[in-house]
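This briefing is intended for a reader who has the sequence and the coordinates at hand.

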Amino acid sequence: MKMIRGYPEDMRKSIDNVNKTRSKRIDQIIEDLSLEERKEVLDNFHPDYNPKYKRNISWGVNKGDNVPNEVADVIEAYPMVNPDDIDLSKIDYDVNVLIIGAGGAGTSAALWANYSGVPKEEILLVTKLRLGDCNTVMAQGGIQAADRPVDNPLIHYMDVIGGGHFENNPNLVKALVSDAPKIIKWHKDLGVMYDCTEDGSFIENPGGGTSRNRMHCSKDYTGLEMFRTLKDEIINREIPYLEFSPAIELITGETGGIAGAILYNIETKQYFVVRAKTIILTTGGFGRLHVAGFPTTNHYGATMDGVVMAYRAGAKLRDLDATQFHPTGAAFPEQIVGLLITEKTRSLGAQVLGRNGEQICYPLEPRDVEASSLIKCCTTTDNYIETPTQMRGIWLDSPLIEEIKGKGTILKNLSAMYRMMNRFDIDITEDPILVYPTLHYQNGGVELDENCYTSLKGLLAAGEISGGVHGKNRLMGNSLLEINVFGRRAGITAANEYKKKSTVGKLTLAHVHKSIKALDALNLKDKRYSPTILPEYRSDIVRDRLVQLYEQSL
Amino acid sequence: MVQYSYFPGCNLKTNAKGFEETAIAVSKKLEAELVEMPSWNCCGTVHTLTSDNIMKRIAPIRVLSRSRKHVETLKESPNQVVTLCSMCNSTLKIVNNEVKKDQEILDKINYQLEEDEETYETDMEVKHFLEILRDIVGYEKISEEVVNPLKGLKVSPYYGCMLLHPEEAKIDDEEMPDVLESLVESLGADLVMSPLFKFCCGSYHIVDQEYIVSSQVEKIVEAAKRRGANALVVACPLCAYNIDQQQKAMAKNTVGKSPIPVFYFTQLMAIAMGEPVKINHFQDHFINPEPLLKELGLIGRKKAK
Amino acid sequence: MSKTKTKEENATPTVKIYIMGSMHEVPASLTIMKAMEYAGFKFKRGAGCRAGFCGACATLYRKAGDYRIYAALACQTQVEDGMVLTQLPFVPAPKGIYDVDSLQPTASSILKFYPEVARCLSCNACSKVCPQEIQVMDYVQYCLQGQIDKAAELSFDCVQCGLCAIRCPAEIPQYHVGMLARRLHGKYNMSTPETLIERVEEIENGVFEEGFKELKSLSKDDLKKRYIERDFVDQKKA
């Protein structure tokens, strides 16, 4: 196969079409879809609306809810630890606030708990991998905040509710949009470098489904720039944290409510018991479960562990039927299939094109609608581009950005994208990017209120693990916002709880026993275990070899 | 207008901003513009130049190589890199000389630098800005640009060690230098000669043995004052710092020792040429020169145009 | 396209790589990370975001017949025949403990917490090893020169993998130095727009409370109507 500047010769013909049509497309605008048209394309092409990818939960609080098979799989699975093997009388860490998950939500919760009066030695932040191995650092496009005079939180509210198909919890949306400017101010005070114009005002871009430009960004490293600053503060304030120590089960208190967690050191395989008055779950989402068989943009540890633990303890879940597929995952080259091509590419002006170089839909629809339109084009027409490994994709016309906004715009604003593609010899200032939807975000999760209380006493949650903020579909730039808004609120709530005098009493794992009983009653054909902790990518041959060795050892 | 590739050195960018801004301002006026290199690193002076350590010569050679490229982008620029700091001048000159004489060392260094696309061909000369003023611009041209002659300022030139030693780096005769003297006179100031014009200021001992610096500076300042000086002019940021800061420290302890301000040579030029006072960054000085300049009527009056 | 492929065309081409000394044959199309998984390794350390942002998978390698040490992010680099690989779990480097509110955007702020910056030999080993192709040595020098703005801009794309720190003969933790420079620049050199401060005040004064109350009281149908009718100010729509 002959390669020409990163693309195989076959694909070059189609790229020529893209280049040829570019000048006439600059001012060409494709109409966006009406609510009825949106419904139609979603019903027919979005994986959420395809019954073959889903089934009903068979036990617990949300019994009967229709969710992706992969979600049902981890909920209908046995605990990985036998509760009788854990000695709860030996407490390894005794703190006031335990924060499980050290991504954006967890770190902002820890900081705000500390700002609000919880002494650092009363806080423990635990995480599965390193501090900073999280989806936050991978968020590229931006963070929404309605701070311009032509904008306001009410307009932001309407965009969020409409994008979520009017299924959001209004109180959570109100909290999200009205805290947004405060969050940006906080970040500015910490020294986060948001992109500015020469005169010092913020550069604000549009996003899919937003009616105003309110996307604040730091090139296409927005999440990284934000997170590394929060992490720097965690270390400066000497807040204790444990790495490579995911929680695998919550612990309940004798007096009711959640009172701690069991940690598992994934390297030394030790269990640790943590007792705490307030537990904040900030474990993120489920990308690494590969819902509906899709590749994902998510980090290595995104396996929905927090939801599983909370569910066993009896927490109520919501909106887990809704999965976000990002419209533009990389479809070529094979090494990076499924990785994120930021929505900022479209917000700067890139259009989505079929193989003859014509636009196929309005480029800034809400994500579920945009993704469905791309799937429709690739499955019901022949207007797609095929890769040497028979993947289908759509062109994202990045060079158009430089036509509209001037030479150098891509290097200045999309340096991560440029670098990623350039490693494979593709120059996105000259050639388009091949894309196809990829699994991106868990829209639903643990139900909570605007102060981050879940349905269980002592248990707070924040970030992607939660449900209700985004309804059935999240808009670009609202997840970086969410982790900060609700991380902050969870930290403040934990500090309020800290000030109240109360104790948690004796620790128990009664809820784990109860879950095992419920699972036994299901007579499951496959005996699975969860939480998943890390996905399995070793080849079948290797796994067979391991099973044989294990059996021999018995 | 000739443009020179200008290597600032770290000091001129941090605690000696006034020395740099004044130099750049007057260089434009004298049509010998100093243009800062787009990217540059430490000259290497903080590492001792022990003769068997190639690693420590990488920094100065990288400066020379980058400056060579910079020259290509400038107008009518000679193959010269200009510095304002005597330390940088000395380090760069010594290493430049070494590699011009010893091809083997140069090859070894270039071999380390080739992956950075830096190769040095020994085709650069290192110049202190004073050399440019003396040899290219000329005192006559400087006098012509003076709009505010420094009448009443009795200036004693102080060279320190680095400008006159060692042989490969010196910019003037080590026993009878006259570059600062001629400059002072061409600006209309009164020249006060002091025998301690190159008596060491104590240099880096300021870091660990301050008493050495203190005793040196006391002698330097006293010698100048006894001969009637009301100001010193220097051409090295470290000398400037030591003499300025130590006078302040001494004034606290010993009553009756009235300190005298220390000027960088470019600052005197800027005042004489009517540049705005603020580019001198006098707020960074320990002994503020402004009261003296005001008293003599050299600043604070409306400029006659 | 319909022509059936021969067996040879169908066979996946493979390459031989050496993972910490032992040889493995892996498909040529894989990244280093996926190749190691293919070979039977399960990552605990050395894998994070798997997309080039977190810096967990810093990898050093040599190629057959080449004396140079190469560096890469395992998740972003395709395997090559003859690669000799080793994963680098995180490089320890002490981070300065500071209160950014009490600092100034100057060289002395940096040198106070990282005095070793003054030891930089300008050897440029850091820039050569950087998988993000950042001019690391230049931003360290900018810090020394007090040009914090330039240091912040130049270091911006750093994913803090730590490869620079392990190659530095002066033992400078460059990625921490860049972090401090960016915070100083972001806080002190980049202004906070007035419009943001005013909006925060408006929200704290409850200016939008009435509006929220009204929006929350709307029926779903009314809300939909309001949504469809909302105006778009900044974007061109058909």
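In this predicted model, strand 14 (residues 258-264) of chain A pairs with strand 15 of chain A in the antiparallel sense, over 5 bridges. Strand 15 (residues 271-275) of chain A is also joined by 2 bridges to strand 6 (residues 93-94) of chain A, and these two run parallel.

**Strand pairing around strand 15 of chain A**

- A:Arg275, in strand 15 of chain A, has A:Gly260 opposite.
- A:Asp94 likewise stands opposite A:Arg275.
- The hairpin of strand 14 and strand 15 of chain A has 6 residues between the strands, and A:Lys269 takes a positive phi near 65° in this hairpin.
- In a regular strand, side chains alternate between the two faces of the sheet.

**Cis peptide bonds**

- A:Phe332 and A:Pro333 are joined by a cis peptide bond, with omega about -5°.
- A:Pro333 belongs to the loop between strand 18 (323-330) and helix 9 (344-347) of chain A.
- A cis peptide bond also links A:Ser530 to A:Pro531, where omega is about 5°.
- The loop that holds A:Pro531 runs between strand 27 (529-530) and helix 16 (540-553) of chain A.

- A:Phe244 is a residue other than glycine, yet its phi is positive, near 55°.
- A:Phe244 is placed in the loop between strand 12 (241-242) and strand 13 (247-253) of chain A.
- Because 18 C-beta neighbours lie inside 10 Å, A:Phe244 counts as partly exposed; a buried residue would need 20 or more.
- In chain B, B:Ser203 is not a glycine but has a positive phi of about 50°.
- B:Ser203 sits in the loop between strand 6 (190-191) and helix 9 (205-208) of chain B.
- B:Ser203 has 18 other C-beta atoms within 10 Å, so this residue is partly exposed.

**Overall form of chain A**

- Chain A contains 16 helices and 27 strands.
- The radius of gyration of chain A is 23 Å, close to the 24 Å given by the globule rule for 554 residues, so chain A is as compact as a globular protein of that length.
- The C-alpha trace of chain A spans about 70 × 60 × 40 Å along its principal axes.
- Of the 554 residues in chain A, 60% are buried.
- Among contacts in chain A with a separation of 6 or more, 76% are between residues 24 or more positions apart.

**Contacts between chains**

- There are 2 pairs of chains that touch, and chains A and C make the most contacts among them.
- Chain A and chain B share no contact; their closest C-alpha atoms are 19 Å apart.

**The largest nonpolar core**

- The largest nonpolar core holds 315 residues.
- The members that touch the most other members are A:Ile280, A:Ile394, B:Leu232, B:Val233, B:Val234 and C:Cys143.
- Leaving aside residues up to four places away in sequence, A:Ile280 touches A:Val97, A:Ile99, A:Ile100, A:Ala109, A:Leu460, A:Ala461, A:Ala462, A:Ala490 and A:Ala494.

Conventions: Residues are numbered from 1 along each chain as its sequence is written. Chains are lettered from A and ligands numbered from 1 in the order in which they are written. This is a predicted model: local features need pLDDT of at least 70, side-chain atom pairs count only at pLDDT 80 or more; totals for chains, interfaces and linings use all residues. Two strands pair if DSSP finds at least two bridges between them. Helices (H or I, at least four residues) and strands (E, at least two) are DSSP runs, numbered from the N terminus. A residue is buried if 20 or more other C-beta atoms lie within 10 Å of its own, exposed if 12 or fewer, and partly exposed in between; C-beta atoms are placed from the backbone. The radius of gyration is taken over C-alpha atoms; the globule rule is 2.2 Å times the number of residues to the power 0.38. Two residues are in contact if their C-beta atoms, placed from the backbone, lie within 7 Å. A nonpolar core is a set of buried Ala, Val, Leu, Ile, Met, Phe, Trp, Tyr and Cys residues joined through C-beta atoms within 7 Å.
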